[in-house]
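Here are my notes on this one, point by point. Have the coordinates open while you read.

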Amino acid sequence: MNKHVSVCGKCGSPRLLRDAYVAVNNPDDVRTFDNTVCEDCDYDGHDVRVVEVDEDFDIYVDTYPLKKE
């Protein structure tokens, strides 16, 4: 079975970061805001793609191979 992950549109990294607001006394109250940033290439995240990968794709070490356009 495959899964879907979000990756950087510039380098294919799934290691994306976003600022968040988390209520200290209510961990279910999480709100994200601002742009997404790629941890690997510092891309500003204006091009985030949701892609299908194999179930064993490791978001901590693997990178999705982007097709050159």
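1. Is Cys-38 buried or exposed? Cys-38 is buried, at a relative accessible area of 1%. For these labels, buried means under 20% relative accessible area, exposed over 50%, and partly exposed in between (1.4 Å probe, protein chains only).

2. Before going on, a word on what you're looking at. This is a predicted model, where local features need pLDDT of at least 70 and side-chain atom pairs count only at pLDDT 80 or more, while totals for chains, interfaces and linings use all residues. Residues are numbered from 1 along each chain as its sequence is written, and side-chain values use heavy atoms, with hydrogens and water left out.

3. Cys-11 counts as partly exposed, with 28% relative accessibility.

4. On to salt bridges, meaning a side-chain nitrogen of Lys or Arg within 4 Å of a carboxyl oxygen of Asp or Glu. The whole structure has 3 of them. One pairs Asp-40 with Arg-15, with the closest N and O atoms 2.7 Å apart. Asp-40 sits in the loop between β3 (26–38) and β4, and Arg-15 in the loop between β1 (2–8) and β2 (16–23), so this pair ties together parts 25 residues apart in sequence. The strands are DSSP runs (E, at least two residues), numbered from the N terminus. Arg-15 is buried at 13% relative accessible area, whereas Asp-40 is partly exposed at 41%.

5. Arg-31 pairs with Asp-29, the closest N and O atoms being 3.0 Å apart; Arg-31 is partly exposed at 47% relative accessibility. Asp-47 and Arg-49 also form a salt bridge, again with 3.0 Å between the closest N and O atoms. Asp-47 is partly exposed at 24%, and Arg-49 is partly exposed at 25%.

6. Last, the surface. Ile-59, Tyr-60 and Val-61 make up a nonpolar patch with about 340 Å² of accessible area together. Patches take residues with over 30% relative accessible area and no salt bridge, joining like charges within 9 Å and nonpolar side chains (Val, Leu, Ile, Met, Phe, Trp, Tyr) within 5 Å; areas come from the Shrake-Rupley method with a 1.4 Å probe. Tyr-60 lies in the segment after β4 and is exposed at 66% relative accessibility.

Definitions and conventions:
Helix = DSSP H or I, 4+ residues; strand = E, 2+ residues; numbered from the N terminus.
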